[in-house]
Amino acid sequence: MNSDEGVKKARTDWETRLSENEKKSPPRPVRFTTLSDMEVPLLSTPDDLKAEGFDYLRDVGFPGEYPFTRGVQRNMYRGKLWTMRQFAGFASAKETNQRFKLLLAQGQTGLSTAFDMPTLMGYDADSPRSKGEVGKCGVAVSSLVDMEELYAGIPLDKITTSMTINAPAIIILMMYFAVAEKQGVPRDKVRGTLQNDILKEYIAQKEWIIPVRPAVELVTDTIEYSSKHYPNWNSVSISGYHIREAGATAVQELAFTIADGLAYVDEALKRGLKVDEFAPRLSFFFDVHNDFFEEIAKFRAARRIWAKLMRERYQAKDPKSWMLRTHAQTAGVSLTAQQPYNNIVRVAVQAMAGILGGTNSLHTNSMDETLALPTDEAVMIALRTQQIIAEESGVANVVDPFGGSYFMESLTNRVEREALEYIRKIDEMGGMIAAIERGFPQAEIANSAYHYQRQLETKEKVMVGVNKYQAEEKKRTIDTLYIDRAVEKNQIQRLVELKKSRSAAAHAEAMRHVHEGAKDGINLCGPIFEAVKAFATLQELCDTLRAVHGEYREAGSF
Amino acid sequence: MSATETKTTAKAAGKVRVLVGKPGLDGHDRGAKVIARALRDAGFEVIYTGLHQTPEMIINAAVDEDVHVIGLSILSGAHNALVPDVIAGVKKAGLTDALFLVGGIIPDEDIPLLKKAGVHMVFTPGATLTAVVDYIHQNAPKRA
């Protein structure tokens, strides 16, 4: 008898004894499923993997090598710990600049900028649409003046910056490049990441300005421009985070994100770029939710799917084009307003999953983020959580310790298989842009969100402190950050002064070039770069795009 | 069936009409859509405004649909600025008995302010669909 048959027989024998056992102590009367409702086995053994045709070298291989299941670096966190990058932004540029400096002083290694709702939607602080929103969910940036203040005293050749903005991303990027230019930083020293993933806006986050197709053209403009002029800038951070937070399952998050990535690759190829010229600068951003194994499997499957698609479908030759480098953020949606200190534990578990999944960068949420923007103290606990995992837990010493686990490899295969099935469906629809126009990913996510909410109502899924183990709580016991309405007034005042002090002639000339460029369909990075330096405001530029392309409207279906 | 026919049938059947609105700029519509669907499943007639609505847009929709209940979902922190405008506008337009609900991330200290502005109930994260449905059953205005 060879060893495979030995395992098989031993397992059958064991199962007989198990069912004897279970007569006395039956399994708890629940469905054993992942958070995304996949049933999981009690136990996995080598014969499970054998039945799936598992091949170590083909499916897993070695870290830093195709298909990167085990991670994108050969020595992973022994060489360099993941980047601890806490998302921050609130009130004015000046206040956010102070939070940045605090985080850098506490050992954070990269910046991550959150913009307020008006900025994300392409409105200046003085627009009637901005009423009550200025500086609330992020920092207000209406012009280059704000951008300079935001990064004042921070050397942009030493720090990498991530900017979470999408619909007006091209404008914010040109402002950032203008600040770097003023600091005298050489173009190849400018490092960081622009989120710039407009497709997931239509799918999930819903911060859009113009219709899908011209909006994707703007993304492609920045891919083309930065691949030529800013070789170390990550032009798009293809994001599953918002898709997951909107209610998608882990598989949907993975599939829709990869399908978005494929759409950007297709568009850049249509411009005549070569895949290896831009693909190495595409990066990713995933959610890390509560289900520990499912999340680790998702990260492992993501790297394998992307590597295979880039090599096989697009014939990319540069291994950097095959690598899925990713940022991760713990799941905001998993945090509870009830018993908020419990959130510290949730974040720690999620962070651990992200790290064991091999993320390259991580944001840990603060315990108070379901109530308001985080306080300095809450942010510090979140950062310390990462530092404890990195320096005390020992998990950073070993590469992909779950690699080879019968259960984990089998789960990774399953997540990959189900995601590929979605990607096939989307390909058949004509790719993600067409799928979005049909409302396909939007409807799939809404269905999953409703299904999960129903499961919470019936208590099939548990949220501790919310639908189980509730406690009578006195008034809230933690402090929260409050944004003063004065921020709005000050921002408006700054705009009034800016519009008075800038050169009207230079501004008008630069705006004319942007308008003509938008009509002619040329790459808008150059004209916008000149316009922001002439102190054109964010909204002035977005209004130009609105005038040329119209505004996007979504049918209010549910 | 056209939209007008739906409305007439619902009105004839004496259904409670609920407007689910998303004022302001935030795009977090998971909660609004889940609530809208749950209310529809519970037998209410639901009108969902879609995203990024100004107070004026919501007021007009509420009046056009002659709704009994207006539920506003906000997760951006702009509730103190936007909710009072909606309520004042709806009342001014003649829907004086409408029930006003707010859902989203609303700090405790803002709840008294919202109630003073005319909000009947605020549902914060963790509120169950059943709680929202029951509240509307018990408190929606009865109209002849």
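These legends walk you through a few views of a predicted model. Local features here need pLDDT of at least 70, and side-chain atom pairs count only at pLDDT 80 or more, while totals for chains, interfaces and linings use all residues. Residues are numbered from 1 along each chain as its sequence is written, and chains are lettered from A and ligands numbered from 1 in the order in which they are written.

**View 1. Chain A as a whole.** Chain A holds 24 helices and 10 strands (DSSP runs numbered from the N terminus: H or I of at least four residues for helices, E of at least two for strands). Its C-alpha trace spans about 85 × 60 × 45 Å along the principal axes. Of its 558 residues, 50% count as buried, meaning that 20 or more other C-beta atoms, placed from the backbone, lie within 10 Å of a residue's own.

**View 2. Helix H14 of chain A and what follows.** Helix H14 covers residues 292-313; at 1.5 Å a residue its 22 residues should span 32 Å, and its end C-alpha atoms are 31 Å apart, which agrees. The expected span is 1.5 Å times one less than the number of residues. Just after H14(A), look for Gln315(A), with a positive phi of about 55 degrees.

**View 3. The largest nonpolar core.** A nonpolar core is a set of buried Ala, Val, Leu, Ile, Met, Phe, Trp, Tyr and Cys residues joined through C-beta atoms within 7 Å. This one has 191 residues, and Met174(A), Ile528(A) and Val18(B) touch the most other members. Helix H12 (residues 250-270) of chain A gives the most to this core, 12 residues. Another core, of five residues, lies apart from it and includes Phe87(A) and Phe100(A).

Note on methods. Buried ≥ 20, exposed ≤ 12 C-beta atoms within 10 Å, placed from the backbone.
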